[in-house]
Amino acid sequence: MKSFLSKNKYNVLTLLAVLAIIALLAFCIVPKAVVFSERLTSVRSEVKIAESIGDMVASPDSLIDEYRKVSSQIDRYVNARATSSRILAYIHDTAQKKKVSLHDLSTGEIKRSSGKTEIPVSFRMNASFADMHEFVTELENGIYCIQLHDVNMNREESGRVDVSVHLSVLSKGVPNE
């Protein structure tokens with residue numbers, strides 16, 4: 001064995017040095033390189049995002065104007081005169097436009113709390129599914145701020161649906177009857 005080591009001393013040392021370098025790379029340098037490459041990738045993506053945002057910068061005045069516009073639209077919905085008779089008339093007119101037959105259309109007791117008013121409404125309707133969907137969508141996108149509580153559907157043999165709906169119309173302040 002001594003003769004083997006003395007003849008191949010440089011080859012064995014070279015092999016050990018290469019193995020030590022590979023171990024150093026595998027256990028120390030490669031994990032750190034992975035972490036740094038992930039950081040570099042995230043920084044590059046953030047720089048791209050920052051560059052694209054620079055093109056879309058809006059002035060504070062335009063943002064304030066946009067805020068006022070959106071606020072007035074929200075207030076228009078919430079401050080709509082929400083009286084029981086107006087709500088019932090609106091729902092009835094919308095149902096006629098959307099070819100929906102209404103039954104048992106009524107409002108419940110008005111609930112008031114801290115400047116807010118909630119007027120419960122319940123009704124049954126009979127329509128095709130598509131007409132019923134358009135009707136409910138029209139109510140949701142209409143002049144009143146509504147909150148649907150319950151929708152129960154039963155399909156009839158004719159393909160139409162019999163639907164029971166419970167919703168609330170929300171507004172600020174006290175409604176004028």
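## Getting started

How many helices and strands are there in the chain? There are five helices and five strands, where helices (H or I, at least four residues) and strands (E, at least two) are DSSP runs numbered from the N terminus.

A word about the model: it is predicted, so local features need pLDDT of at least 70 and side-chain atom pairs count only at pLDDT 80 or more, while totals for chains, interfaces and linings use all residues. Residues are numbered from 1 along each chain as its sequence is written, and side-chain values use heavy atoms, with hydrogens and water left out.

## Surface and core

The accessible surface of the chain is about 12,900 Å², and carbon and sulfur atoms hold 59% of that; such areas come from the Shrake-Rupley method with a 1.4 Å probe, and for residues only the protein chains shown count as cover. Of the 177 residues, 20% are buried. Here buried means under 20% relative accessible area, exposed means over 50%, and partly exposed is in between (1.4 Å probe, protein chains only).

The largest nonpolar core has 22 residues. Such a core is a set of buried Ala, Val, Leu, Ile, Met, Phe, Trp, Tyr and Cys residues joined through side-chain atoms within 4.5 Å. Ile-87, Ile-91, Phe-123, Met-125 and Phe-135 have the most contacts inside this core, and the elements giving two or more residues to it are α4, β3, α5 and β5 (161-172). Leaving aside residues up to four places away in sequence, Ile-87 touches Ala-82, Ile-119, Val-121, Tyr-144 and Val-169, a contact being heavy atoms within 4.5 Å.

## Aromatic pairs

Now for the rings: the structure holds two aromatic pairs. Rings of Phe, Tyr and Trp (its six-membered ring) pair if their centres lie within 6.5 Å; planes under 30 degrees apart count as stacked, over 60 as edge-to-face and the rest as tilted. Tyr-90 and Tyr-144 have ring centres 5.5 Å apart and planes at 80°, so this pair is edge-to-face. Because Tyr-90 lies in helix α4 (residues 84-97) and Tyr-144 in the loop between α5 (129-140) and β4 (145-155), the pair ties together parts 54 residues apart in sequence.

Phe-123 and Phe-135 also form an edge-to-face pair, 5.9 Å centre to centre with 80° between the planes. Phe-123 is in strand β3 (residues 116-127) and Phe-135 in helix α5, so parts twelve residues apart in sequence are tied together. Phe-123 is buried at 2% relative accessible area, and Phe-135 is buried at 0%.

## Charged side chains

Which charged groups meet? A salt bridge is a side-chain nitrogen of Lys or Arg within 4 Å of a carboxyl oxygen of Asp or Glu, and the count comes to four. One of them joins Arg-68 to Asp-65, with the closest N and O atoms 3.8 Å apart; both residues lie in helix α3 (residues 60-78), three residues apart. Another joins Lys-98 to Glu-138, at 4.0 Å.

Asp-104 and Arg-124 meet at 3.1 Å, N to O, and link strand β1 with strand β3. Asp-104, Arg-124 and Asp-162 are linked in a network of salt bridges. Asp-162 is in strand β5 and is buried, with a relative accessible area of 19%.

Asp-131, in helix α5, is buried yet has no salt bridge. The nearest side chain of opposite charge, Arg-160, is 5.3 Å away; Lys and Arg count as positive and Asp and Glu as negative, with His and the chain ends not counted.
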